[in-house]
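Dear colleague,

I am passing on the structure we spoke about, and below it you will find an account of what came out of going through it. Please read the two side by side.

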Amino acid sequence: MDTIKNAINRDKNLTRLLVVFLMVFVLCTVLKGSMFISVSNFQSMGKQFPEFGLLSIAMAFTLFTAGIDLSVVAIANLCAVLMAKFLSLLIVPDMGSSTVFMMIAAACLMAIIVSILCGALNGFLIGVIGITPILATLGTQALFTGFAIVMTNGSTLGGLPKQLSATINSGIMGIPVPIIIFVVFAAIAAFVMSKTTLGYKLRMLGTSAKASTFSGFDNVRLFIINYVLSAVFSAAAGIIMLGRFNSAKADYGASYLMEAILIAVLGGVDPYGGKGNISGVIVATIIVQMVSSWLNMYEDISNFYRQIIWGGLLIFVLIYNYVVNEREKRQAMKG
Amino acid sequence: MSAASLLPITSAAIANKYCVEARGGEEVSDYIIKAENIKKYFGGVKALDGVNLEIKKGEIHCLAGENGCGKSTIINIISGFYTLDSGTIEIDGTKYEKMNPKQAIANGIQVIYQDLSLFPNLTVMENLAINMEVAASRKFVSKARMRKIAEAAVAKIGFKIDLDETVENLTVGMRQMIAISRALLNDAKLIIMDEPTTAITKREVKSLFKIIKQLQAQGIAVLFVSHKLDEVFEIAERFTIFRSGKNVASGNTSELDQNKFTYYMTGREIISSHYEYTRENAQNVLEVKNLSLKNGFKDVSFSLKQGEIVGITGLLGSGRTELAETLFGYHAADSGEIFIEGKKVEIRSIKQGIENGIGYLPSDRVTEGLFLSQPIVDNISIEKWHDYANCLGKIDRTQIEKMTEHWAKELSIALHNIEDPVGTLSGGNQQKCVLAKWLALDLKVLILNGPTVGVDIGAKFDIYELVKRLAKHGLTVIIISDDLPEVLTNCNRVMVMQSGRLVETLSTQGLDESRLAELAN
C-alpha cells in the first residue's frame, strides 16, 4: 500500500492522467458500447495514434526547454515528400524485393539526415541567433512546407513501392508496425529525458538559460540537440504517414500541429519549460486518440467541429494547469 | 547579558501593561499602531504565534529577525493583505478586528516593498501619478495634471529628478525615492520599508536616512525592516525582534549591541574571529598578469597563494564582478595571462574555468546560481552528473541523492526533502546549496560574489566558518563584497578596485574599517 502511495505522490501528474484515461475510457464504453469496445476499433486506433504521438513527443522536447516547434508537421511532410520522390525515381518495376527494401531503408536514412539538418537549422536560429522559438519555427515551418510544395507542385505524390505500405500496415503478432515504431521511439525519448545527463541538462536549460550558462553548460549545443531530436521524431512520424497513406503531400496532417501541442500540454509538459515527462505525453496521446475515435462514431458531429473541440480543450487544459500550479505554489509557500 | 534593560516580552507582561493603558487614556493614543497578540496560521503552520508590535507616532522603529520569523507576515497583516486569525490591531486609537488594504491605506499606512512595485517602462511622472489617475477612474490622462501631481510628490521630500526619465534607467536608490514620494501622496502616517538598504550603495543609504529623518520631522512614523545592526543603530529609536513567529525582545536601540542583537535574532551565541593566514612557503595557486577586458577592467595583476582568503572590494562598476566572471570564463579576457599552480591556462569559457578548478558563486543566486523550480538534489549535484553517469549517459540517481544528503549534512542545510524545489528554501540555505554544488568538485579557487547578501545572520556565520575551514584545508577563496566588516574579518588580504583598476592590495591585519572605506570610495 505504501509503495503505491509513494508512487502516486511521486508523480501526481501521471496519476491524474491515468484517472482521466479511465474516466474517458468508461465514458466512451458507456456511451458507445460495443462500437467502442471492439477489436476493429482498437486496431484502427492503434494505427492512427503513433504518427501524432511521435509529433507530440517532438513537440514535448521543445516545450521542455521553454521553446516550441511549430515546424514538426512540416518536417514530417518534407521528409515524406523527399522519400516519395527518391523512391519513385529509383525503383523500377522489375526490381527484386530485397533491393526494394534496401532502397526503402536508404530513403528512411535520407529522411533522418534531412530532418537532422532541419532541426539543426531551428536550433541554430534559436540558440545562436537568439530568435524566439515560436517565430523561428513559424518561419522554418513555412520554409519546409514551401520546399515540399515546390517539389510536388502542390499535388499528391503516389507511385510508391507496395512493400512500404505493406510493411507499415502489417503487424507483428497482431501488433501494428506503427505502434512498434512508436513504442521504440517513446521508450528512447522517456529514457533520454528522465534518466540521462542530456535530459537533465535540457530540463535545467528550460528552467533558466542564464543559470545553465553559469553551470558551464553549452546552451547553443543543447538547443541544437533539442531541436534535432524534435525533428528526427517528426521524420519518424513522416515515414509512418507515408506508408499509411501510401502517398505524400506537402499539407498532410494539417490538424496534427494543434493536436501535438494539446497532447504535450495535456501530458503535463509545462510550456514555460523545465517540467514534464514523456510518460505523461504517452498517456495523453492515447486519451486524445480515444476522444477522437469516439467523436468519429457520431455521424452528426462533422469533422469541421474538430478545430473547435481541440482548441477549446487546449485552452481548458491550460487554464486547469494554471489553477493547479497556483494552488501548488500557495501550498509550497505555506510549507 | 542583562535581561532587565532589554525587557524581553512575555505575553503576561504585555497583557498587564495593556490593561493599565486601556483604563488610562482612551481618547488620544500615543501609538499610530498597536498590534496585540496577533496569530496567523497558513494551513497548519503557525507563522505568527501571538506577537505584539507597537509603533509610536512619528517614531522610527526597527523590526528585525531572520527569514521566516514572521516579519513579512506581520507587514502583510498591518497593511491588510492577510486577515489575521486572532488578535487585534489598533490604529490611532481605533480597534480593528479585520482590516482590508483599502482601510489600511485610508488610515495612512503605506508599504514600500523590496521590489518597489514601480513600472520600469514608464517615466517617473507616470509612475508617481498613475495611481491617482486610476483611483479617480479617469478615462483619459492629462499630462499637465500628472506633472502637477508628480511635482507635488517629489517636493514633499525635496528630491530633485527629471520627471521625464524612464524608471528603468535610474539606480535602485533613486527608484526608492520615487516609491517613497508616491507613498506620501496618500497622506501617509506610517511608512513600512521592507529591507530598503539591501540593494543600494552606501551613499544611497545616507540619503535614504536623511529622508527618513525628514519624514519623522513631519510626524510620519517609519517601520524599518532590517537586520544590519549598524543601520538600526543609526536610524531607529526603538526596535522589535521576532524569532520563529514570536517576540523575542523590544526596547530602545541604545540598549542594544552586536552580540545581543545577533543572539536575539538567531537564538545562539556567535563569535567570529579574524582569519589568520598561517601557511608558510605556500605556492601560488592563481596568478594573473596584465589581464584586461574591454568595458570591464584594465591591466589587473595579482597572485593568490594556497589557502588564502582574499577580498575584493570597490564600488559597483569598479570592474570587480567582470574580473570574477572573467576568471571563471564567462567573459574571455581581451589580453593578459592566467596561471593556475604556475601553469599558463586558457580560460575562455565557463567549461574551461571549471576544468581548471575554478568555481563561482554569482552575485544573483536567484537567476544565475540556482534553478529555483528544480529539486535541491539536482541543483547540488549538477556539476557531478557526468561523473555519476554510465556510458549511455544514465545518471545513477542513488549516487547523486547520497552526495546531496552528504553535503546537506556537511553544510547543515535545513531542508525537508531533497526532492523539494530549491526555491522553497530560505536565502541562506539556497546560498549553501550553491556552495555545496561547487564544493562537490575538487576546486582550486572558489570565487564568492556577495556571498551573504540577503542571507540571515545565522546562515551568514555558517558560511563564514565554512569558508575559513575550507581555506585552512587549502582552498583559495576570493570574496567580492561591499560589506567591509565581512571582508576584514574573513579575509587575510584585501584588494581594492576603482574604475577597472586594481589600486591597492592590503593585509587585513590591523586594517581599520574607515581606512578601507576611504580607499574603496
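**Domains of chain B**

In this model, the centres of domain 1 of chain B and domain 2 of chain B, taken over C-alpha atoms, are separated by 36 Å. Please keep in mind throughout that the model is a predicted one. Domain 1 of chain B covers 4-108 + 187-266, and domain 2 of chain B covers 284-520. Where the two meet, nine residues of domain 1 of chain B are in contact with nine residues of domain 2 of chain B, and the side belonging to domain 1 of chain B is made up of one nonpolar, seven polar and one charged residue.

**Where chain A meets chain B**

The contact between the chains draws on 19 residues from chain A and 25 residues from chain B. On the side of chain A, the elements that give two or more residues are helix 9 (197-207), helix 10 (209-214) and helix 14 (306-334) of chain A, and of these helix 9 of chain A gives the most, with six residues. Sorted by class, that side of chain A has six nonpolar, nine polar and four charged residues.

A residue of chain B to look at here is Ala389(B), which is found in the loop between helix 13 (376-381) and helix 14 (397-410) of chain B. Leaving aside its neighbours within four places in sequence, Ala389(B) is in contact with Thr196(A) and Thr197(A) from chain A, and with Lys394(B) and Ile395(B) from chain B. Ala389(B) counts as partly exposed because 19 other C-beta atoms lie within 10 Å, whereas a buried residue needs 20 or more. The C-alpha atoms of Ala389(B) and Gln399(B) are 9.6 Å apart in space, the two residues being ten apart in sequence.

**Helix pairs in chain A**

Helix 4 (residues 72-90) of chain A and helix 5 (residues 97-129) of chain A have axes that come within 9 Å and cross at roughly 145°, and the crossing is right-handed. Among the residues that make this contact are Ile75(A), Leu78(A) and Cys79(A) of helix 4 of chain A and Met103(A), Ile104(A) and Ala107(A) of helix 5 of chain A; by class, the contact has 15 nonpolar residues, one polar and no charged.

For helix 8 (residues 177-195) of chain A and helix 13 (residues 278-296) of chain A, the axes likewise come within 9 Å, and they cross at roughly 150°. Helix 8 of chain A brings Ala186(A), Ala189(A), Ala190(A) and Met193(A) to the contact, while helix 13 of chain A brings Ile278(A), Ser279(A) and Ile282(A), which gives six nonpolar residues, one polar and no charged.

**Nonpolar cores and a covered helix**

The largest nonpolar core has 167 residues, and those with the most contacts inside it are Leu55(A), Ile57(A), Cys79(A) and Ile447(B); helix 11 (residues 219-245) of chain A gives the most to this core, with 17 residues. Ile57(A), not counting residues up to four places away in sequence, touches Phe185(A), Ala186(A), Ala189(A), Phe233(A), Ile278(A) and Val281(A). A second, separate core of 69 residues includes Cys62(B), Leu63(B), Ala179(B) and Leu223(B).

Lastly, helix 12 (residues 256-266) of chain A is mostly covered, with nine of its eleven residues buried, including Tyr256(A), Glu259(A) and Leu266(A). Gly268(A), whose phi is positive, near 95°, follows helix 12 of chain A.

With best wishes

Conventions. Residues numbered from 1 in each chain as written. Chains lettered and ligands numbered in written order. Predicted model: local features only at pLDDT ≥ 70, side-chain atom pairs only at ≥ 80, totals over all residues. Axes fitted to C-alpha atoms, helices over the stretch in contact; angles between N-to-C directions. Helix = DSSP H or I, 4+ residues; strand = E, 2+ residues; numbered from the N terminus. Left-handed = near helix turned anticlockwise from the far one by under 90°. Contact = placed C-beta atoms within 7 Å. Nonpolar A, V, L, I, M, F, W, Y, C, P; charged D, E, K, R; others polar. Core = buried A, V, L, I, M, F, W, Y, C linked by C-beta atoms within 7 Å. Buried ≥ 20, exposed ≤ 12 C-beta atoms within 10 Å, placed from the backbone. Domains from an automatic or database assignment.
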